[in-house]
Amino acid sequence: MVKVAILGFGTVGSGVYNVLNKNKDILKKRTGSEIEIKYVLDLREFPGNPVDDILTHDFNDILNDPEVKVVAEVMGGVKPAYDFTKQCLMAKKSVCTSNKELVAKHGEELLGIARENNVNYFFEASCGGGIPIIRSLNEALIADDIDEISGILNGTTNYILTKMSSQGLLFDDVLKDAQDMGYAERNPEADIEGYDAQRKIAILSSIAFGKTVDHESIYTEGITKITPADLEFAKEFDSTIKLIAYGGKKDGKYYAFVSPFMVGRDNPLYSVDGVFNAIFVHGNMLGDAMFYGSGAGSLPTASAVASDIAHAVKCGDKTAYSNWQEGKIELSPIDSFESRFFVRIEKSLKETAKRVFGDGTDFKEIPMDGSECAFVTDVMSEKEFEEKASKLSGIKSRIRCK
Ligand code: HSE
């Protein structure tokens with residue numbers, strides 16, 4: 001029998017409680033141990049809910065109980081989750097979390113403390129909800145040198161872009177609708193400005209490339225400036241627009257960014273709609289692989305936390321291998337990153353655009369706004385694009401192309 005504690009009884013915490021209880025027999029068969037929830041920590045009361053019997057308001061009850069071997073930290077935020085996690089690891093309790101904010105900020109240090117104490121710090125649920133990407137990187141892809149990890153890592157923005165595209169709606173209207181339906185947070189900044197995806201790609205890149213990628217050094221653009229006209233034009237180019245998080249290495253340089261991208265129909269990310277996430281991995285031996293599934297929600301996220309708990313139980317007092325080791329990765333500035341660019345302009349600027357970007361440029365128009373046209377440039381660096389764009393005043397939007 002292994003006793004565990006859950007820190008936080010919110011959306012994910014209650015999900016972990018349900019998964020561990022509902023799949024108790026399966027977990028016993030597969031881990032060889034019965035997993036029993038001994039405590040749930042939350043400041044609130046839950047009268048009438050069976051969780052009330054194991055509820056505590058005092059973290060020390062958990063920290064000082066030697067029977068508790070694994071702790072699920074599903075509180076979110078850095079404070080007090082960082083202190084609680086550190087104390088649990090130092091008390092030789094493994095910690096499993098969905099807390100991407102904490103992992104992105106202190107992952108390297110917490111992994112180190114776990115190693116020193118022969119326990120584990122697992123965070124499968126921090127990226128891509130229920131999609132098993134982190135253990136895949138650390139174990140299933142251990143024989144590969146990964147040179148790209150990218151994809152759709154935020155369900156809220158993917159839902160908004162999908163709705164804007166399919167129904168021709170404005171960003172603000174879809175956001176309000178998503179908030180009313182509970183898909184988007186009341187404070188949506190982290191999602192719509194790209195910070196949530198930024199933390200997730202920092203974590204995934206740190207594992208893929210072996211050292212910490214500082215999330216604050218990742219160039220990040222959100223989706224707030226995307227308009228129905230951009231999405232209509234995208235269709236003319238047989239494409240759609242997705243918020244892409246990218247981590248990659250090219251010619252010895254590392255790049256990471258989050259930005260809206262025009263994605264063509266031939267790209268597997270084109271068909272990833274609604275709240276779903278998809279993560280594309282390229283390895284030197286593997287070639288391409290894509291992981292697709294539920295990137296958020298109580299049970300998918302809890303499934304990943306519960307799977308980490310089972311893994312921690314099986315590991316006992318051995319720290320599992322993590323490819324995320326000590327040290328920092330220096331990211332190259334986005335200036336030298338190369339892509340094509342979609343550009344939307346007033347029709348009157350067409351001739352100037354041809355002079356600046358080349359005669360062969362293919363212009364498209366859409367009926368919904370007869371005064372505009374759009375084109376896609378050749379492949380060029382960000383720097384080169386900015387230089388050319390500065391000669392074309394009145395660009396209405398520019399979106400990178402995958
Ligand atoms: N706000 C996140 C999303 C939740 O929309 O993807 C899962 O991390």
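A word on the ground rules. Residues are numbered from 1 along each chain as its sequence is written, and side-chain values use heavy atoms, with hydrogens and water left out. As this is a predicted model, local features need pLDDT of at least 70 and side-chain atom pairs count only at pLDDT 80 or more, while totals for chains, interfaces and linings use all residues. Helices (H or I, at least four residues) and strands (E, at least two) are DSSP runs, numbered from the N terminus.

Let's start with helix α7, residues 155–167. How does α7 pack with helix α11, residues 228–236? The angle is about 70°, and the axes lie 9 Å apart. Axes here are lines fitted to C-alpha atoms, for helices over the stretch in contact, and angles run from 0 to 180 degrees between N-to-C directions. That makes α7 roughly perpendicular to α11; the word covers 65 to 115 degrees, with under 35 roughly parallel, over 145 roughly antiparallel and the rest oblique. Leu161, Met164 and Ser165 of α7 touch Pro228, Leu231 and Lys235 of α11, where contact means heavy atoms within 4.5 Å. By class, that contact has 4 nonpolar, 1 polar and 1 charged residues. Ala, Val, Leu, Ile, Met, Phe, Trp, Tyr, Cys and Pro count as nonpolar, Asp, Glu, Lys and Arg as charged, and the others, Gly among them, as polar.

Now for another partner of α7: helix α8, residues 171–180. Their axes come within 9 Å and cross at roughly 125°, which makes α7 oblique to α8. On the α7 side we have Tyr159, Ile160, Lys163 and Met164, meeting Phe171, Val174, Leu175, Asp177 and Ala178 in α8. This contact has 7 nonpolar, no polar and 2 charged residues.

Over to helix α14, residues 382–389. Which of its residues are buried? They are Glu382, Phe385 and Ala389, buried meaning under 20% relative accessible area with a 1.4 Å probe, protein chains only (exposed is over 50%, partly exposed in between). They cover an arc of only 60° around the axis, so they sit on the same side of α14; the arc is that of the directions from the helix axis to the C-beta atoms. Their cover includes β13, α13, β16 and β17.

Last stop: valine 2, in strand β1, residues 2–7. Its relative accessibility is 14%, so valine 2 counts as buried. Beyond its neighbours within four places in sequence, valine 2 contacts Ser33, Glu34, Ile35, Glu36, Lys69, Val70 and Val313.
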